[in-house]
Amino acid sequence: RSVGIIGAPFSKGQSKDGVECAPNKLRAAGLLDRLQQQGCAVKDYGNLTFENVALDEPVNGSKSVRTVGSANQRLSEAVKAVKRDGHTAVILGGDHSLAIGSIHGHTAAVGPVSVVWVDAHADINTPLTSNTGNVHGQPMSYLLYELQSKLPPLPNFSWMKPCVSSRDLVYIGLRDVDPAEHYIMKLLAVKVFSMTQVDQLGMARVMEETCDYLWDRAKKPIHLSYDIDAIDPSITPATGTPAVGGLTYREGVYITEYLYQTGLLSAVDMVEVNPLRGRTEDDVRSTVSTAVDLLLGCFGRRREGNHLPDYSLP
Ligand code: DIR
Ligand code: MN
Ligand code: MN
Ligand code: MN
């Protein structure tokens with residue numbers, strides 16, 4: 001288990017300040033030490049720096065498209081390099097628009113992947129269906145082969161091509177979906193475990209069915225894109241677009257434990273932690289420490305306890 005960490009302090013896919021502070025907050029909460037303590041080799045590639053494109057006027061109503069495009073080009077190269085170095089990639093966001101570069105770079109290095117998208121939101125608006133103009137509500141539409149013909153030309157996105165099939169995507173935790181997004185998901189028959197299905201089936205069955213579905217054709221490396229707003233805002237309030245009725249802490253952690261034991265987890269995004277959005281210090285602490293726990297779960301932390309293979313009793 002070797003982990004390559006990339007900080008992506010990027011916030012221009014939405015309009016609220018603060019999400020760019022998350023990579024350093026997650027490190028300050030002890031993420032690297034704790035990964036090492038549970039037996040992972042960790043390499044920190046540091047934080048990427050992004051150019052602010054001047055005169056980045058809205059394109060078809062979508063904001064900061066050029067800035068988002070160039071940032072994701074950088075991130076894609078960085079993720080590709082981490083994968084070529086043989087690590088499981090961890091991308092610390094930043095807002096969810098960075099999934100464009102993250103998943104693109106991941107597939108550029110390893111070929112087709114399965115995407116598990118854990119989120120209150122589907123993030124599958126096209127620039128033409130978006131009501132907000134925020135690109136963090138759009139990344140899946142840029143990535144899917146099946147939506148290519150529905151995307152207008154976008155400045156600073158000519159470096160990327162769609163790289164994910166809608167049959168290789170599973171959503172977990174949805175509860176705030178725009179009508180156009182719902183239409184798109186039905187049209188493409190995307191596999192969705194909304195909060196209703198989580199309530200109906202329980203998370204154990206959701207994870208079994210997720211993997212059955214993804215592995216029906218072939219086992220591929222898994223890209224987990226984890227939006228912290230998937231978890232209930234009573235636990236993770238420090239995020240830009242909280243939505244009531246979310247995953248419990250235990251359901252959220254179970255997803256990571258389950259995906260770890262598949263042995264196929266190849267890249268993880270942890271996004272939308274916004275240390276400036278909590279009302280109190282405790283709000284921020286709880287959000288950051290939950291995000292850290294989710295990442296630890298991705299790399300073998302078990303709630304029953306862990307010990308290193310070379311441990312012996314003193
Ligand atoms: C909304 C909200 N569907 C949008 N999306 C959010 O802006 O397209 N995604 N908050 O995380
Ligand atoms: Mn700031
Ligand atoms: Mn999201
Ligand atoms: Mn979300």
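A: Buried means under 20% relative accessible area, exposed means over 50%, and partly exposed lies in between. The model discussed here is predicted, and alanine 189 gives a case of the term, because at 55% relative accessibility it counts as exposed.

Q: Where is the place of alanine 189, and what is its phi, although it is not a glycine?
A: Alanine 189 sits in the loop between α6 (179-187) and β6 (191-194), and its phi is positive, at about 50°, although the residue is not a glycine. Leucine 55, which is not a glycine either, has a positive phi of about 55°. The loop that holds leucine 55 is the one between β2 and α3, and with a relative accessible area of 73% leucine 55 is exposed.

Q: Which peptide bond is cis?
A: The bond that runs from glycine 93 to glycine 94 is cis, and its omega is near 10°. To find glycine 94 in the structure, look in the loop between β3 (88-93) and α4 (99-110).

Q: How is a pair of aromatic rings described, and how many aromatic pairs does a search of the whole structure find?
A: Two values describe such a pair, the distance of the centres and the angle of the planes. In this structure, a search of the whole finds four aromatic pairs. One of them joins phenylalanine 10 to phenylalanine 50, with 5.4 Å centre to centre and 80° between the planes, and the pair is edge-to-face. Phenylalanine 10 belongs to the loop between β1 (2-8) and α1 (22-28), while phenylalanine 50 belongs to the loop between β2 (41-47) and α3 (65-84), so the pair ties together parts that are 40 residues apart in sequence.

Q: Is phenylalanine 10 buried or exposed, and as what does phenylalanine 50 count?
A: Phenylalanine 10 has a relative accessible area of 4% and is buried, whereas phenylalanine 50, at 22% relative accessibility, counts as partly exposed.

Q: Which residues do ring pairs link into a cluster, and what lies over the face of tryptophan 215?
A: The cluster linked by ring pairs is made of Tyr142, Phe157 and Trp159. Over the face of tryptophan 215 lies lysine 219, at 4.1 Å from the ring centre.

Q: At what angle do the axes of helix α9 and helix α10 cross?
A: A helix crossing is read from the approach of the axes, their angle and the handedness. The axes of α9 (residues 249-262) and α10 (residues 281-298) come within 7 Å of each other and cross at roughly 25°, which means that α9 is roughly parallel to α10. Their crossing is right-handed. For helix α8 (residues 203-215) and α9, the axes come within 10 Å and cross at roughly 40°, which makes α8 oblique to α9. The crossing in which α8 passes α9 is right-handed.

Q: Where is leucine 32 found, and how many residues apart in sequence are leucine 32 and valine 3?
A: Leucine 32 is part of helix α2 (residues 31-37), and at 17% relative accessibility it counts as buried. Leucine 32 and valine 3 are 29 residues apart in sequence, while their C-alpha atoms are 9.4 Å apart in space.

Notes: Residues are numbered from 1 along each chain as its sequence is written. Chains are lettered from A and ligands numbered from 1 in the order in which they are written. This is a predicted model: local features need pLDDT of at least 70, side-chain atom pairs count only at pLDDT 80 or more; totals for chains, interfaces and linings use all residues. Side-chain values use heavy atoms; hydrogens and water are left out. Rings of Phe, Tyr and Trp (its six-membered ring) pair if their centres lie within 6.5 Å; planes under 30 degrees apart count as stacked, over 60 as edge-to-face and the rest as tilted. Helices (H or I, at least four residues) and strands (E, at least two) are DSSP runs, numbered from the N terminus. Buried means under 20% relative accessible area, exposed over 50%, partly exposed in between (1.4 Å probe, protein chains only). A charge sits over a ring if NZ of Lys or CZ of Arg is within 6 Å of the ring centre and within 35 degrees of the ring normal. Axes are lines fitted to C-alpha atoms, for helices over the stretch in contact, and angles run from 0 to 180 degrees between N-to-C directions. Angles under 35 degrees count as roughly parallel, over 145 as roughly antiparallel, 65 to 115 as roughly perpendicular and the rest as oblique. A crossing is left-handed if the near helix is turned anticlockwise from the far one by less than a right angle, and right-handed if clockwise.
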